[in-house]
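Open the model in your viewer and keep the sequence panel beside it.

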Amino acid sequence: MATVDIRAVTKAYGSTAVIHGVDIDIRDGEFVVLVGPSGCGKSTLLRMIAGLENISGGEIRIGNRVVNEVPPKERDIAMVFQNYALYPHMTVGANMGFSLKLRNAPQEEVSKRVNRAAEILGLSHLLDRYPRQLSGGQRQRVAMGRAIVRDPQVFLFDEPLSNLDAKLRVQMRTEIKELHQRLKTTTVYVTHDQIEAMTMADKIVVMHDGIVEQIGAPLDLYDQPANQFVAGFIGSPSMNFIKGKVEVNGSAAFVTPSGARLPLERVPEGAVGKEAVYGLRPEHIRIDPQGVPVEIIVVEPTGSEILAVAKLGDQEISCLFRERISLKPGETIRIAPQPGLTHLFDGATGRRL
């Protein structure tokens with residue numbers, strides 16, 4: 001196991017810069033998730049840690065060693081890819097032990113490590129099968145087993161669950177987290193799925209357009225997003241962003257262009273009269289006879305909860321109700337935010353106020 005320190009790392013393809021001075025500290029044994037939309041640079045950064053991409057600037061350390069110029073095979077890392085990359089002509093056992101055979105490890109050691117990894121992953125009864133005889137989830141376990149057998153300092157996962165169906169993704173998510181808790185190996189995991197990030201990570205790194213927007217524990221990012229991008233990306237359904245201004249007329253309130261007044265617990269310094277954005281998560285909205293009126297547009301019941309899309313003036317918002325209530329399109333209801341669970345962002349910069 002080892003720490004991973006990323007210092008002022010940049011990446012450019014010719015004149016096109018794709019990573020802009022990234023700094024991340026990953027502690028020994030930590031599970032860190034790089035998350036962001038397609039094209040944000042998260043997979044490129046992972047490949048630079050692995051040595052599969054050259055670094056244009058900055059420094060990457062694994063343990064106490066700078067690895068900028070170190071070949072991938074000498075970095076003591078193991079990578080699990082989105083496509084399983086298994087050798088079709090080899091059995092499960094042979095696939096898992098192949099890297100050790102390349103190092104000319106004794107057969108006894110290879111068998112011992114393969115059997116240990118197979119036991120951890122529930123693959124012991126599949127060691128003599130070929131990849132074509134396995135399900136998608138089993139193939140992904142074999143790819144993980146191949147990484148475990150190497151006993152690396154760092155595990156790197158590049159969107160490993162993207163090719164699986166929804167139910168299997170949930171199952172594999174749990175298995176990867178359990179695996180980390182058992183092995184306690186430093187892990188860097190890339191995904192575009194914020195649910196994966198929230199449920200698996202010790203620490204989340206939110207990336208956008210090649211920069212780090214915020215780093216923190218999952219619930220810290222959920223409760224205290226640094227800006228509108230993080231607020232909208234973390235949490236499902238996404239946070240509502242309502243445009244308007246902060247006014248103090250007797251009591252402080254956020255006023256929308258349609259005249260709706262939404263409560264504010266506090267008024268940030270210099271915010272009065274400025275264009276601002278009121279952030280409100282759908283799950284933090286409740287029905288309140290004294291609240292603001294909204295018109296229901298669409299109702300999506302899922303059984304355990306009801307997601308309603310409504311109009312507040314000329315702005316659409318989403319409301320998530322966990323109680324069983326009857327709502328119909330065209331109906332007007334009154335809603336209010338739960339106290340203390342609102343957010344305010346600068347209308348120009350998107351930064352948290």
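Predicted model: local features only at pLDDT ≥ 70, side-chain atom pairs only at ≥ 80, totals over all residues.

Residues are numbered from 1 along each chain as its sequence is written, and side-chain values use heavy atoms, with hydrogens and water left out.

**Stop 1: helix α4**

Select residues 136–149, which form helix α4. Helices here are DSSP runs of H or I with at least four residues, strands are runs of E with at least two, and both are numbered from the N terminus. The expected span of a helix is 1.5 Å times one less than its number of residues. For the 14 residues of α4 that gives 20 Å, and the end C-alpha atoms are 20 Å apart, which agrees.

Now colour by accessibility. Buried means under 20% relative accessible area, exposed over 50%, and partly exposed in between, using a 1.4 Å probe and protein chains only. Among the buried ones are Gln138, Arg141, Met144 and Ile148.

What do the buried residues of α4 pack against? Show β6 (77–80), α2 (92–102), α3 (107–121), β7 (154–158) and α5 (166–183), and you have the partners. Before leaving, click Asp151, which follows α4 and has a positive phi, near 50°.

**Stop 2: Met144 and the cores**

Stay with Met144 and display its surroundings. Contact means heavy atoms within 4.5 Å. Not counting residues up to four places away in sequence, Met144 touches Val80, Leu121, Phe157, Met172, Ile176 and Leu179.

Widen the view to the nonpolar core, a set of buried Ala, Val, Leu, Ile, Met, Phe, Trp, Tyr and Cys residues joined through side-chain atoms within 4.5 Å. The largest such core has 46 residues, and Met96, Met144, Ile176 and Tyr189 touch the most other members. Another core, of 29 residues, lies apart from it; Val22, Ile24, Leu34 and Val154 are among its members.

**Stop 3**

Just after α1, Gly51 takes a positive phi of about 90°.

From Gly51, draw a distance to Val67: the two are 16 residues apart in sequence, and their C-alpha atoms are 8.0 Å apart. Is Val67 buried or exposed? At 0% relative accessibility, Val67 counts as buried. Leaving aside neighbours within four places in sequence, Val67 is in contact with Ile60, Ile62 and Arg75.

**Stop 3: a four-stranded sheet**

Two strands pair if DSSP finds at least two bridges between them.

Zoom in on β15 (residues 285–301) and β18, which run antiparallel and are joined by 7 bridges. Pro293 stands opposite Arg334 in β18.

**Stop 4: salt bridges**

A salt bridge is a side-chain nitrogen of Lys or Arg within 4 Å of a carboxyl oxygen of Asp or Glu.

- Select Glu30 and Lys203, whose closest N and O atoms are 3.3 Å apart. Glu30 is in the loop between β2 (16–26) and β3 (31–35) and Lys203 in strand β9 (residues 203–208), so the pair links distant parts of the chain, 173 residues apart. Glu30 counts as buried at 4% relative accessibility, and Lys203 at 12%.
- Select Lys274 and Asp346, with closest N and O atoms 3.1 Å apart. Lys274 is partly exposed, at 37%, whereas Asp346 is buried, at 10%.
- Select Arg286 and Asp288, with closest N and O atoms 3.2 Å apart.

Finish at Lys11, Arg47 and Glu53, which are linked in a network of salt bridges.
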